[in-house]
Amino acid sequence: MTPAEIIAMTQTYQMGNYARHPVAFVRGEGARLFDAGGREYLDLLGGIAVALLGHSHPRVVDAVCSQAKALTHVSNLFHVPVQAELGGLLSGAAGGGKVFFCNSGTEANEAAIKLARKWAADGARKGAHEFVVVEGAFHGRTYGGLSATPQPKFHQGFGPMLPGFRVVPFGEEAALEKALTGTVCAFLVEPIQGESGVRVHPPGYLERARALCRERGILFVADEIQSGMGRTGGFLASSRFGVAPDIATFAKGLANGLPLGAVVAREEVASAFGPGTHGSTFGGNPVCCAASKVVLETVLAPGFLAEVVRKGDLLRAGLEEITKGRSDVREIRGMGLMLGMEMETEVKETVGRCLSAGLVVGSAGEKVLRFLPPLTITDGEIRRALSLLEESLPREGRK
Ligand SMILES: Cc1ncc(COP(=O)(O)O)c(C=O)c1O
């Protein structure tokens with residue numbers, strides 16, 4: 001099929017819920033992508049924080065192929081060796097606790113929401129069923145995740161939302177302190193907000209929130225779906241703020257592109273999920289677990305996370321350098337290889353120009369350019385990406 005045929009066929013047979021770029025990718029290698037016409041691109045978006053080890057990482061490919069040949073699916077009615085091993089690795093990486101496997105981020109949050117309510121109802125905090133969430137958060141598209149996502153544009157036409165979600169303004173400790181009342185079972189928070197523009201909480205906010213939850217017997221739930229698995233230079237972004245959650249949710253890069261999500265909860269909380277309380281047919285299927293084992297082994301290998309911090313600093317310094325003196329850049333922010341650049345104007349056209357120049361970048365909200373490259377990106381690729389980006393920024397804001 002030609003690129004035009006691929007695009008036409010997608011538009012004819014698939015629902016119109018995605019605003020896709022007119023590019024069809026057929027191959028990936030590390031931080032590089034190749035389209036159907038054979039053109040090469042540098043990828044600073046990584047499938048929206050998914051291609052953690054880069055596209056078609058040879059060890060991931062090998063693990064997936066051998067597992068698919070051995071056993072693709074058997075259900076959670078039985079034990080699965082690779083799932084057992086991954087559970088151990090993930091629990092250790094997340095600081096201990098028990099794991100529930102699912103298939104996506106929204107499912108991980110859905111499970112965390114159910115787990116927190118069940119934990120409260122089982123006696124830990126009877127009558128407390130509410131969640132406190134932060135303005136601007138994004139927690140997914142199912143009704144639980146969507147109800148926890150206080151952004152009207154995502155709710156439009158889908159109401160009513162689930163009851164029991166209270167919203168606090170971004171970064172305001174006093175408002176949070178007031179909201180964490182006796183009817184609340186959990187505070188659900190992205191350590192760094194991804195979708196709403198790579199927003200970093202003010203210094204001390206997460207630590208204070210953690211302390212308040214502990215004092216009041218409320219669960220601190222970290223949505224690490226985008227920020228976790230090493231993206232910020234810690235396995236959990238929470239850990240970079242010195243915070244240990246009661247529950248953490250993971251997905252995106254967890255299996256380097258295969259669908260896998262997970263919830264890790266402190267043992268006492270996790271025990272609320274007894275047999276039959278929750279489940280997933282595909283959750284933790286052997287092929288995704290095999291890919292994820294390679295991801296975790298790689299990310300947890302000595303020195304890997306320190307490299308993420310170093311490369312994050314390199315990219316950030318480069319972004320600052322190419323935008324020095326520009327009148328249209330408000331802020332460069334984020335942590336590790338989760339970075340955003342807020343502009344004065346909409347970034348849609350810049351994203352399009354980048355793509356035409358052979359650079360894949362993302363946007364978050366209307367005015368933020370978003371960078372979530374594979375953690376394995378090389379220094380040379382970072383420098384090349386910066387030069388493509390510099391060429392693609394609007395002419396008007398130049399010094
Ligand atoms: C922080 C966060 N939570 C949840 C989700 C939902 O994940 P998924 O799209 O895998 O359902 C996302 C996806 O962007 C996310 O960034």
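Colleague: Where is the place of Val 198?

Modeller: Val 198 sits in the loop that runs between strand 8 (192-193) and strand 9 (199-200), and please keep in mind that this is a predicted model.

Colleague: What is the phi of Val 198?

Modeller: Val 198 has a positive phi of about 50°, although Val 198 is not a glycine. That deserves a remark because most residues other than glycine have a negative phi.

Colleague: And does Val 198 count as buried or exposed?

Modeller: Val 198 counts as buried, because it has 28 C-beta neighbours inside 10 Å, and 20 or more are needed for that label.

Colleague: Which loop holds Ser 75?

Modeller: Ser 75 is found in the loop between helix 3 (58-70) and helix 4 (81-93). Ser 75 also has a positive phi, of about 85°, and is not a glycine.

Colleague: Is Ser 75 buried or exposed, then?

Modeller: Ser 75 counts as exposed, because it has 12 C-beta neighbours inside 10 Å, and the label exposed applies at 12 or fewer.

Colleague: New topic: what kind of peptide bond joins Gly 159 and Pro 160?

Modeller: The bond joining Gly 159 and Pro 160 is cis, with an omega of about 0°, and Pro 160 belongs to the loop between helix 7 (152-155) and strand 6 (165-168). For context, most peptide bonds are trans.

Colleague: Which residues come nearest to the ligand?

Modeller: There are 14 residues around the ligand, and those that come nearest are Ser 104, Gly 105, Thr 106, Ile 225 and Gln 226. Helix 5 (residues 105-124) gives the most to this shell, with three residues.

Colleague: How many residues of that shell are nonpolar, polar or charged?

Modeller: The shell around the ligand divides into eight polar, three nonpolar and three charged residues.

Colleague: Last one: at what angle do helix 3 and helix 12 pack?

Modeller: Helix 3 and helix 12 (residues 286-299) pack at an angle of about 155°, and their axes are 8 Å apart. The two helices are therefore roughly antiparallel to each other, since angles over 145 degrees are given that label, and their crossing is right-handed.

Colleague: Which residues make the contact?

Modeller: On helix 3 the contact is made by Arg 59, Val 60, Ala 63, Val 64, Gln 67 and Ala 68, and on helix 12 by Pro 286, Val 287, Ala 290, Ala 291, Lys 293 and Val 294. The contact of helix 3 with helix 12 divides into nine nonpolar, one polar and two charged residues.

Terms used
Residues are numbered from 1 along each chain as its sequence is written. This is a predicted model: local features need pLDDT of at least 70, side-chain atom pairs count only at pLDDT 80 or more; totals for chains, interfaces and linings use all residues. Helices (H or I, at least four residues) and strands (E, at least two) are DSSP runs, numbered from the N terminus. A residue is near a molecule or strand if its C-beta atom, placed from the backbone, lies within 6 Å of it. Ala, Val, Leu, Ile, Met, Phe, Trp, Tyr, Cys and Pro count as nonpolar, Asp, Glu, Lys and Arg as charged, and the others, Gly among them, as polar. Axes are lines fitted to C-alpha atoms, for helices over the stretch in contact, and angles run from 0 to 180 degrees between N-to-C directions. Angles under 35 degrees count as roughly parallel, over 145 as roughly antiparallel, 65 to 115 as roughly perpendicular and the rest as oblique. A crossing is left-handed if the near helix is turned anticlockwise from the far one by less than a right angle, and right-handed if clockwise. Two residues are in contact if their C-beta atoms, placed from the backbone, lie within 7 Å.
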